[in-house]
Amino acid sequence: SEGEKTAIALCYFLSTLEAEGRKVSDLIVVIDDPVSSLDTKAMNYACSLIRNRLEKAAQVIVLTHNLHCMNEFKKDWKGKARATPPTARLLFVDVDAPAPPKARTSTIKDLPKQLREYDSEYHFLFQRVLQFEAANAAGFDYVLMMPNVLRRVLEIFLAFKVPRSGNISDKLNTLCERHPALDRDRLNAVERLSQVESHSDSLDDLISQSTMTIEESHDAMVALIYLMHEVDPDHLADLRKYCAP
C-alpha cells in the first residue's frame with residue numbers, strides 16, 4: 001500500500017543517515033510530509049521515531065500540511081520554542097489572496113497562537129471569521145478563502161450542537177426546530193454556503209478560490225454569527241474572547 005511504501009522509505013532514510021562515516025550531530029535534516037498515507041497509529045509512531053532518531057542532529061526541519069502530524073511534533077517542540085533561548089521554532093506558511101489586481105502571496109510566519117495552543121483548527125478558523133467581520137470585506141486579504149473557512153467553522157459548530165450523522169442542511173433544520181425564534185430567511189446565506197462549498201473538507205482547501213462572490217461570503221459570515229448567537233451565545237462569547245485577533 002502507499003502507507004507501507006511511505007513507512008519503508010522513512011525507515012530507509014533514517015537508517016542511512018549515519019552511512020559513510022557521517023554523524024547525526026553534524027547533519028541538517030529536512031523531512032517533507034513524513035506521514036503521507038499512514039494511518040493514525042503508524043503516523044504517531046513515525047513522528048516519535050523521527051524525534052528520537054534525530055534528537056541530536058544539528059538541525060531538523062519538518063514540513064507538513066497534516067494537522068495531526070503538526071500536533072505530534074508540536075507536543076515536543078512547543079516547550080523548546082518557549083525556552084530562553086529557544087531551541088525550536090514553530091512556523092506557518094500564511095497565504096493571502098487579495099482581490100485583483102493584487103497577486104496571491106505566501107509568507108513564512110510564527111505559528112498563530114490558535115494553532116500553537118490548540119490541537120483543533122476551530123479557534124484559528126474562527127479568528128479569520130472575526131477578522132473578516134471587523135474588516136472592510138473587499139479589502140480583506142483573505143476574502144477569497146472565506147467561504148471555505150466559514151463552512152469549516154459551521155461544520156464543527158454543528159457537529160457539537162447536533163452530534164449525529166447528516167448534512168449541513170439537515171442539521172440546520174434540526175436547530176430551527178429546536179430554536180423556533182431562528183429566522184430561516186436570515187439563514188439562507190448559510191444554506192448557500194453549504195451548497196457551494198460542499199467539496200471542502202480540509203485545511204488544504206484554504207488555498208483554493210470559491211465561486212461565491214465577496215458579497216455572498218459577507219452575508220454567510222453575518223448569518224453564521226447570527227446562528228451561533230441565537231443557538232449558543234455563551235459559546236460565541238467565549239470564541240470572541242479567546243480568538244480575538
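**Pocket, patch and salt bridges**

Mentor: Let us begin with the largest pocket, which is lined by 47 residues, with Val-62, Leu-63, Thr-64, Leu-91 and Phe-92 lying nearest its centre. Please keep in mind that this is a predicted model.

Trainee: What volume does the largest pocket have?
Mentor: The volume of the largest pocket comes to about 1,500 Å³.

Trainee: And which element gives the most to the lining?
Mentor: That is α3, which gives 8 residues to the lining of the largest pocket. At least two lining residues each also come from α2 (40-53), β2, β3 (91-96), α5 (122-134) and α6 (146-161).

Trainee: How many of the lining residues are nonpolar, polar or charged?
Mentor: The lining of the largest pocket has 31 nonpolar residues, together with 11 charged and 5 polar ones.

Trainee: Changing topic, which residues form the nonpolar patch on the surface?
Mentor: The patch is formed by Ile-28, Val-30, Ile-61 and Leu-63, which together have about 340 Å² of accessible area. Two or more of the patch residues come from each of β1 (28-32) and β2 (59-63).

Trainee: Take Ile-28, then: is it buried or exposed?
Mentor: Ile-28, which lies in strand β1, has a relative accessible area of 58%, and because the cut-off for exposed is over 50%, Ile-28 counts as exposed.

Trainee: Now the charges: how many salt bridges does the structure hold?
Mentor: The structure holds 17 salt bridges. One of them joins the side chains of Asp-119 and Lys-74, at 3.6 Å from N to O. Asp-119 sits in the loop between α4 (113-117) and α5, while Lys-74 is in helix α3, so this pair ties together parts that are 45 residues apart in sequence.

Trainee: Are those two partners buried or exposed?
Mentor: Asp-119 is partly exposed, with a relative accessible area of 45%, whereas Lys-74 is buried at 3% relative accessibility.

Trainee: Where does the salt bridge partner of Glu-133 sit?
Mentor: Glu-133 meets the side chain of Arg-240 in a salt bridge of 2.9 Å, N to O. Glu-133 is in helix α5 and Arg-240 in helix α10 (residues 233-242), so the pair links parts of the chain 107 residues apart. Glu-133 is partly exposed, with a relative accessible area of 32%, and Arg-240 is partly exposed at 33%.

Trainee: Last one: which residues are linked in a network of salt bridges?
Mentor: Glu-121, Arg-151, Arg-152 and Glu-155 are linked in such a network.

Terms used
Residues are numbered from 1 along each chain as its sequence is written. This is a predicted model: local features need pLDDT of at least 70, side-chain atom pairs count only at pLDDT 80 or more; totals for chains, interfaces and linings use all residues. Side-chain values use heavy atoms; hydrogens and water are left out. Patches are made of residues with over 30% relative accessible area and no salt bridge: like charges are joined within 9 Å, nonpolar side chains (Val, Leu, Ile, Met, Phe, Trp, Tyr) within 5 Å. Accessible areas come from the Shrake-Rupley method with a 1.4 Å probe; for residues, only the protein chains shown count as cover. A salt bridge is a side-chain nitrogen of Lys or Arg within 4 Å of a carboxyl oxygen of Asp or Glu. Helices (H or I, at least four residues) and strands (E, at least two) are DSSP runs, numbered from the N terminus. Buried means under 20% relative accessible area, exposed over 50%, partly exposed in between (1.4 Å probe, protein chains only). On a 1 Å grid over the protein atoms alone, a cavity is a set of points where a 1.4 Å probe fits but cannot get out, and a pocket is an open set with protein on both sides within 12 Å along at least five of seven lines; lining residues have an atom within 4 Å of a point. Grid points are joined across faces, edges and corners, and a volume is the space filled by probe spheres set on the points. Ala, Val, Leu, Ile, Met, Phe, Trp, Tyr, Cys and Pro count as nonpolar, Asp, Glu, Lys and Arg as charged, and the others, Gly among them, as polar.
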